[in-house]
Amino acid sequence: MTAYREPYLGINDRTALLAWPCEVPIAGSPKSNVQLMHNIEKFIKTTDLKMLLLYCDPGTLITPQTVAWYQQAINNLKTVYLGQGLHFVQEDHPDAIGLAINEWLRAS
């Protein structure tokens, strides 16, 4: 955890930590980010770009329940279940992530 905290040791270094949650589009605000998310959703539903989605259970932002939406919405999506994990899945499954990316790149 020391490595994750290192960039934010000084009080002035924590501005981004406060700003980021304020940018998450909730209940229609901030409008610019609601529009941005709408544009991203439209793009992922219409693009032919190949995509890879790695997920864990229970997950934090991408739960197993939301994976079904992504699978339905994105035409060229490969999903890989990594196992148990929450937010820092790179800490829980570094080898599985590397193998999944390597396999996906070779198949693409």
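How do the residues of the lining of the largest pocket divide into nonpolar, polar and charged?

1. This is a predicted model, in which local features need pLDDT of at least 70 and side-chain atom pairs count only at pLDDT 80 or more, while totals for chains, interfaces and linings use all residues. Residues are numbered from 1 along each chain as its sequence is written, and side-chain values use heavy atoms, without hydrogens and water.

2. The lining of the largest pocket comprises 20 nonpolar, five polar and two charged residues. Here Ala, Val, Leu, Ile, Met, Phe, Trp, Tyr, Cys and Pro count as nonpolar, Asp, Glu, Lys and Arg as charged, and the others, Gly among them, as polar.

3. Of the 27 lining residues, Met-37, Leu-53, Leu-61, Ile-62 and Tyr-70 lie nearest the centre of the largest pocket. A pocket is an open set of points on a 1 Å grid over the protein atoms alone where a 1.4 Å probe fits, with protein on both sides within 12 Å along at least five of seven lines; lining residues have an atom within 4 Å of a point. β1 gives the most to this lining, with six residues.

4. The structure holds three aromatic pairs (ring centres of Phe, Tyr or the six-membered ring of Trp within 6.5 Å; planes under 30 degrees apart stacked, over 60 edge-to-face, the rest tilted). One of them, Tyr-4 with Phe-88, is tilted, at 4.8 Å centre to centre and 40° between the planes.

5. Tyr-55 and Tyr-81 also form a tilted pair, with centres 5.5 Å apart and planes at 55°. Tyr-55 is buried at 15% relative accessible area, whereas Tyr-81 is partly exposed at 42% (buried under 20%, exposed over 50%, partly exposed in between; 1.4 Å probe, protein chains only).

Key
Helices (H or I, at least four residues) and strands (E, at least two) are DSSP runs, numbered from the N terminus.
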